[in-house]
Amino acid sequence: MGLSSNSSLSTANKSSLIGVLDQEYALLVRDAYKTFGGRSFLEKFRGTAEVEKPQQVVAVDHISLSVKRNEIYGILGANGSGKSTLIRLMSTLLIPDGGEIKVFGFDVVKQEKMVKRLLNRVSVEASFFKKLSPVENLMYATRLYGVPPSRARREIPEILSRLGIPPDRFSRPLEQMSRGMQQKVAIARAFLTTPVLLLLDEPTTGLDPRSKLDVQQLVKQLREEHDATILLTTHDMAEADALCDRIAIIDKGKLIVEGTPQELKSMVATPANPAPTLEDTFMFFTGRSLEEDEQEIED
Ligand SMILES: Nc1ncnc2c1ncn2[C@@H]1O[C@H](COP(=O)(O)OP(=O)(O)OP(=O)(O)O)[C@@H](O)[C@H]1O
């Protein structure tokens, strides 16, 4: 497929970013910390809301990591380990309680507007106009991001086909599509609008094996042809192994270990298991398997 290399930011936007995108690191996270629940400062001060407030949850517990420009970086973690919260902090949807997060050198709290221009987050609960079709939703989004309409008209059907969406679906209301299909439209939107730093929160969860491969192919293409940096969370070990340059394993809000898939596997190799899988590595560092965790959620 021939998505043009300008399909991310408009030319005007890109020229104003000269220098910005030359940085070695697309993302720097230093000591990020985020809690939910518990009493607010004011409530503590007043001594109120002792009973009715739920216990405080530490969702992101002093995490530091860095993602180099043009890298595909994976975050592996069980349900509730803090992956989504971390991505929401990076994408300015949540404000950290502590620490610092920078996107191409811009602080997510102090320079939120600039950060929003540089990144796009895709998650399963992507917001769309459900009565409108995929093409209408994508035309709207590309217009917002300054993509020329002629290019958008050309590239939208290309990318939808590439993701395995049948042409007869292009013009039907989104609300008539399955969740997996809607997720693909969300991925198409991200690819058409901002592939400078792309945050993909479980991009392939719930997709069939063929669709998974389509998405993985597109992620690789984005990096290779469009100079994008991609951070993704996944539950799929094979996906992380095949796609990611480096992986961080997080557990209960803490970053446990980080490295290339090969480095991580070598760390747990033993004479009895000289060629461990990523699943073995995950078990070693967290004490449980992701499958076990998913089974528990289903039960
Ligand atoms: N808005 C919120 N209010 C209260 N607690 C929250 C909120 N969002 C997340 N949490 C809690 O923070 C912790 C981390 O949640 P988070 O959604 O980041 O995990 P996750 O690794 O993305 O999980 P999953 O794989 O299930 O999506 C969990 O204990 C969760 O219950």
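Reply: Happy to! Leaving aside residues up to four places away in sequence, Leu-132 touches Asn-137, Pro-173 and Leu-174; touching, or being in contact, means that two C-beta atoms, placed from the backbone, lie within 7 Å. Before going further, please note that this is a predicted model, in which local features need pLDDT of at least 70 and side-chain atom pairs count only at pLDDT 80 or more, while totals for chains, interfaces and linings use all residues. Residue numbers start from 1 along each chain as its sequence is written.

Leu-132 sits in the loop between strand 6 and helix 5. Helices (H or I, at least four residues) and strands (E, at least two) are DSSP runs, numbered from the N terminus. Leu-132 counts as partly exposed because it has 17 C-beta neighbours inside 10 Å. For reference, a residue is buried with 20 or more other C-beta atoms within 10 Å of its own, exposed with 12 or fewer, and partly exposed in between. Between Leu-132 and Lys-254 there are 122 residues of sequence and 41 Å of space, C-alpha to C-alpha. The loop between strand 6 (119-122) and helix 5 (134-144) also holds Phe-129, which is exposed because 12 C-beta neighbours lie inside 10 Å. From Phe-129 to Ser-150, 21 residues along the chain, the C-alpha separation is 22 Å.

Now to the ligand. The residues around it are Phe-36, Gly-37, Val-57, Ala-59, Gly-77, Asn-79, Gly-80, Ser-81, Gly-82, Lys-83, Ser-84 and Thr-85, where a residue counts as near if its C-beta atom lies within 6 Å. Strand 2 and helix 3 are the elements that give two or more residues to this shell, and the largest share, three residues, comes from helix 3. By class, the shell has three nonpolar, eight polar and one charged residues. Here Ala, Val, Leu, Ile, Met, Phe, Trp, Tyr, Cys and Pro are nonpolar, Asp, Glu, Lys and Arg are charged, and the others, Gly among them, are polar.

Helix 3 is mostly covered, with seven of its eight residues buried: Lys-83, Ser-84, Thr-85, Leu-86, Ile-87, Leu-89 and Met-90. After helix 3 comes Thr-92, with a positive phi near 70°. Thr-92 lies in the loop between helix 3 (83-90) and strand 4 (98-103), and it is partly exposed because 18 other C-beta atoms are within 10 Å. Strand 2 (residues 57-68) contains His-62, a residue other than glycine whose phi is also positive, near 55°. These angles are worth a look because most residues other than glycine have a negative phi. His-62 is partly exposed because it has 14 C-beta neighbours inside 10 Å.

Strand 2 brings us to a sheet. An open sheet of four strands runs in the order 2-1-4-5, with antiparallel pairing. Its edge strands, pairing on one side only, are strand 2 and strand 5 (106-107); two strands pair if DSSP finds at least two bridges between them. Strand 1 (residues 25-36) meets strand 4 over five antiparallel bridges, and Leu-28 stands opposite Lys-102 in strand 4.

Elsewhere, strand 8 (residues 229-234) is mostly covered, with six of its six residues buried. Thr-229, Leu-231 and Thr-233 lie on one side, and Ile-230, Leu-232 and Thr-234 on the other. Strand 3 (residues 72-77) runs parallel to strand 8 and is joined to it by five bridges, with Tyr-73 opposite Leu-231. Strand 7 (residues 197-201) is also joined to strand 8 by five bridges, again in parallel, and there Leu-197 stands opposite Thr-229. From strand 7 the chain crosses through helix 8 (residues 209-226) to strand 8 in a right-handed β-α-β crossover: with the strands pointing away from the viewer, the path from the first strand over the helix to the second runs clockwise.
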